[in-house]
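Biologist: I would like to go through some charged side chains and hear the criterion behind each label. Please show the model before we start.

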Amino acid sequence: MTTQRCHSTAGTSGGRLTVLDPATGEAFAEAPGRQPDELDAVVRRAHDAWRGWRTDRGVRTTALLAAADAVEAAGPRIAPLLTREQGKPLAESFAEIARTAARLRYFAALDPGPRPLRDGRPVRSEIRWRSLGPVAAIVPWNFPLQLASAKFAPALAAGNTVVLKPSPFTPLATLLLGSVIADALPTDVLTIVTGHEPLGARLASHPGIRHVTFTGSIPTGRAVAAGAVASLGRVTLELGGNDAAVLLEDVEVERIADRLFWAAFRNCGQVCMAVKRVYAPARIYADVVEALAQRARSTVVGSGLEPDTELGPVNNMPQLARVERCTAQALADGARAAAGGHRLDRPGYFHAPTILADVPPDSPVVTEEQFGPVLPVLPYRSLDEAVEAANGTRFGLGGSVWGTDLDRAEAVADRLECGTAWINHHAELSLAQPFAGVKESGVGVAGGPWGLYGNLRPFVVHRPEGT
Ligand code: NAD
C-alpha cells in the first residue's frame with residue numbers, strides 16, 4: 001500500500017484552492033492557488049528580508065514574543081476556521097493555537113550565544129552561530145498550525161526567513177495565522193504560499209532555499225530530499241510513524257484503557273505519533289480488546305464545531321478511502337471488528353472508531369500507517385516476540401510500554417527502536433525535547449535547542465592567544 005498523496009481532491013479553479021469542510025464534504029471557502037513560477041520572487045524577497053532579520057537577536061526576540069501574544073489573542077478567530085477545514089474538535093484547535101504561541105515564546109528565549117573552544121593550543125577559538133538564509137517549511141493537514149510553528153519558530157528565532165507551504169486541504173487557518181503574525185514581524189520574514197503541486201516540489205528544490213524542513217509522508221519526504229539535492233541545501237524530514245504500544249502482563253487494563261484509547265484516536269487517529277498497533281499478552285488479550293471496544297462504542301463522533309464531539313471526521317476523501325481500504329483488507333484477511341469497522345452513513349468523511357481483533361500480523365493495517373480511527377490489537381506469547389514485532393517495521397517514530405512495574409516497563413522501553421519511548425502514556429512531547437524519528441521516520445532533529453541548531457551553522461573564528 002502506498003501513502004495517499006493529498007493534492008487530488010481539494011480543487012483549484014482560476015488559480016484558487018477550493019477548501020472543503022470534512023464534516024459535510026462541501027466547499028465552504030477558497031484560498032489563493034499560487035503558481036510555482038511565483039516562487040522566484042517570493043524567495044528573492046525572503047532573501048532580502050533575511051539581511052535585516054539576521055542581524056539583531058534582541059529585535060527578533062521582541063518580535064517573536066509579540067507574535068506569540070497576537071496568536072493567543074486571535075485564538076477565538078483562528079480556532080473555528082481550523083476546525084472547519086481540518087475537522088478536529090474546537091477544544092483541540094484552541095490547544096493547537098496555544099501550542100503555537102508557546103513554541104514562539106520557547107524559541108524566542110533560546111540563546112545560541114558564542115561558545116569558546118578550548119583544546120590546549122595557544123589559540124583562542126570561538127564558535128559563533130550563524131543563520132542559513134531562506135528556509136522552506138512544508139507541512140501536512142493533520143496539525144496545520146502546530147507543525148508549521150514547529151518549523152517557523154526555531155527558524156525565525158535563529159535569524160532565518162521562512163516560506164511556509166501548508167497542505168492544500170488546510171490553507172485557511174495558516175493564512176489567518178500568518179496575517180496575525182505579520183503585524184509583529186518585518187515584511188517578508190514569514191511568507192505563506194498556498195497552492196497545489198508542484199508548488200511544494202518547486203519550493204523544496206528552489207536554489208535560493210538553504211534549508212528545507214518537511215513534515216509529511218515517507219514517499220513525499222523522499223521526493224523532497226531528492227529535489228533539495230539540486231541546491232545542496234540542508235534537509236530535515238519528519239515523516240510517518242507506525243508506533244506500537246506494548247502492554248505488559250501486570251498492566252491494569254481498566255486503569256490505562258482511556259489513555260491508551262485516546263493515544264490512538266486523538267485527532268481521529270491522524271497523528272504521526274498515534275498508537276497505531278497494540279500488542280497485548282495473550283492471557284489478557286480479550287480484556288484489552290473489550291476495554292478499547294467499549295471506549296470506541298461510546299465515543300461521540302460528530303462535527304468538531306458541536307460542543308459534545310469527541311472525535312471529528314477524517315480530514316479528506318483520499319484519507320478516508322485509505323482508512324476504509326485498510327479496514328476492509330484486514331476484515332478480508334480474517335480480522336474481527338470488535339467495534340466499528342465501517343464508514344458512517346452520513347454526509348462528510350466520518351468513519352466509526354474501529355477496534356480490530358485477530359488481525360494477521362502481515363495485514364496492511366498492521367504493517368503500514370493507517371492514519372485514521374482504526375486500531376489493530378494483536379496478542380503475543382513472549383515479551384521477546386512482542387518487542388520483535390514492535391521493532392519489525394521500517395518506521396521508527398515513537399513507542400510505548402504499559403505496565404505497573406515501572407522499572408520493568410522502562411527496561412522494555414529501552415529496547416524499542418524509535419526516537420521517543422513512553423511508559424504508560426504516548427505522544428506527549430515537551431517543547432524542550434529532541435524530536436527525531438529513526439529508520440524511515442525521519443532525518444535530522446527538531447525540538448528543543450536541537451531544533452534551533454538545526455537552523456544554524458557554526459562559524460568558527462581562531463586568533464592567537466594574548467593578541
Ligand atoms: P504528504 O506527504 O502527502 O504532504 C505533506 C505536504 O507536502 C503537503 O503540504 C503537500 O502538499 C506537500 N507535497 C506533496 N507532494 C510534494 C512534493 N512532491 N514536494 C514537496 N511537497 C509536496 O502528507 P499528508 O498526507 O499531508 O500528511 C500525512 C503524513 O504526514 C503521514 O504520513 C504522517 O505520519 C506524516 N506526519 C509526520 C509527522 C512527524 O512529525 N513525523 C507529523 C505529522 C504528520
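Biologist: Why is Glu440 called partly exposed?
Modeller: Its relative accessibility is 27%. Buried means under 20% relative accessible area, exposed over 50%, and partly exposed lies in between (1.4 Å probe, protein chains only), so Glu440 is put in the partly exposed class. This is a predicted model, in which local features need pLDDT of at least 70 and side-chain atom pairs count only at pLDDT 80 or more, while totals for chains, interfaces and linings use all residues. Residues are numbered from 1 along each chain as its sequence is written, and side-chain values use heavy atoms, with hydrogens and water left out.

Biologist: What makes Arg394 and Glu440 a salt bridge?
Modeller: The term requires a side-chain nitrogen of Lys or Arg within 4 Å of a carboxyl oxygen of Asp or Glu. The closest N and O atoms of Arg394 and Glu440 are 3.0 Å apart, so the pair meets the definition. Arg394 lies in the loop between H13 and strand E16 (398-402), and Glu440 in the loop between E17 and strand E18 (442-443), so the pair ties together parts 46 residues apart in sequence. Helices (H or I, at least four residues) and strands (E, at least two) are DSSP runs, numbered from the N terminus. Through shared partners, salt bridges also join Arg222, Glu368, Arg394 and Glu440 into one network.

Biologist: How do you know that Asp188 and Arg45 meet in a salt bridge?
Modeller: Their N to O distance is 3.7 Å, so the pair passes the distance criterion. Asp188 is in the loop between helix H6 (172-182) and strand E8 (190-192), whereas Arg45 is in helix H1 (residues 39-53), so parts 143 residues apart in sequence are tied together. Asp188 has a relative accessible area of 22%, which makes it partly exposed.

Biologist: How many salt bridges are found in the whole structure?
Modeller: The search finds 23. Among them is Arg415 with Asp384, at 3.0 Å from N to O.

Biologist: What makes Asp405, Asp407, Glu410 and Asp414 a patch of negative charge?
Modeller: Asp and Glu count as negative. Patches are made of residues with over 30% relative accessible area and no salt bridge, like charges being joined within 9 Å. These four residues gather in such a patch on the surface.

Biologist: Why is Asp414 called exposed?
Modeller: Asp414 has a relative accessible area of 68%, so it falls in the exposed class. Asp414 sits in the loop between helix H14 (406-413) and strand E17 (420-423).

Conventions
Patches are made of residues with over 30% relative accessible area and no salt bridge: like charges are joined within 9 Å, nonpolar side chains (Val, Leu, Ile, Met, Phe, Trp, Tyr) within 5 Å. Accessible areas come from the Shrake-Rupley method with a 1.4 Å probe; for residues, only the protein chains shown count as cover. The place of a charge is taken as NZ of Lys, CZ of Arg, CG of Asp or CD of Glu.
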